[in-house]
Amino acid sequence: MLLPYLNAELIEAGCDEAGRGCLAGAVYAAAVILPHDFRNELLNDSKKLTEKQRYALREVIEKEALAWAVGIVEPEEIDKINILNASFLAMHRAVEQLKITPQHLLIDGNRFNKYKDIPHTTIVKGDGKFLPIAAASILAKTYRDDYMNGLHDEYPVYDWNNNKGYPTKKHREAIKQFGTSPYHRLSYNLLGESQLSFDF
């Protein structure tokens with residue numbers, strides 16, 4: 001069973017992102033403040049759930065959370081500031097939109113850029129340990145999936161409705177054949193060729 005909070009006396013927001021390893025599309029992050037007495041047996045790291053479970057849980061989270069929000073960083077911004085900073089920025093944008101100001105942030109992962117003067121704790125694999133981070137992982141994942149499904153309608157050749165922008169064989173073959181779309185992250189190694197460096 002996942003833990004409901006790290007600090008019982010504080011208003012905590014769980015934060016997580018989706019789409020860091022993708023070759024195309026924006027990176028999404030969510031911030032969620034759950035009631036301390038929130039319980040849900042099914043709620044877990046979004047990667048361990050089926051698509052149907054994720055969307056069912058999204059409805060529960062949005063209904064029962066004290067506050068929730070989603071932040072987005074577009075591909076052009078990712079290319080300018082790199083994906084790690086873009087992930088942090090997406091989380092900042094999510095926290096900024098919360099209708100309740102959290103006193104502490106629970107961040108999935110091992111690094112984070114401080115947001116204003118709010119203290120934070122980074123937790124490796126936190127989406128499998130704390131309910132607020134798991135809830136954030138589900139919102140980030142489902143909203144990003146919706147977005148990628150929409151982009152698939154514009155550019156069906158890349159198979160985004162199935163791969164969501166991740167580097168599958170089919171996705172890379174389409175880039176090779178058709179070139180890039182306006183949604184590809186041009187700073188990424190899109191074709192997966194090994195990056196060799198030689199010292200002369």
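This is a predicted model: local features need pLDDT of at least 70, side-chain atom pairs count only at pLDDT 80 or more; totals for chains, interfaces and linings use all residues.
Local features were taken at pLDDT of at least 70 and side-chain atom pairs at pLDDT 80 or more, whereas totals for chains, interfaces and linings use all residues. Residues are numbered from 1 along each chain as its sequence is written, and side-chain values use heavy atoms, with hydrogens and water left out.

Helices (H or I, at least four residues) and strands (E, at least two) are DSSP runs, numbered from the N terminus. In H1, Arg54, Leu57, Arg58 and Ile61 are buried, that is, under 20% relative accessible area with a 1.4 Å probe and protein chains only, where exposed means over 50% and partly exposed lies in between. The buried residues of H1 fall within an arc of 120° when seen down its axis, so they line one face of the helix; the arc is that of the directions from the helix axis to the C-beta atoms. Lys52, Glu59 and Lys63, on the other side of H1, are exposed. Strand S2 (27–33) and helix H4 (131–154) are among the elements that cover the buried residues of H1, contact being heavy atoms within 4.5 Å.

Beyond four places in sequence, Leu43 touches residues including Leu57 and Ile61.

His152, found in helix H4, counts as buried because its relative accessibility is 14%. Leaving aside neighbours within four places in sequence, His152 is in contact with Asp159, Trp160 and Asn161.
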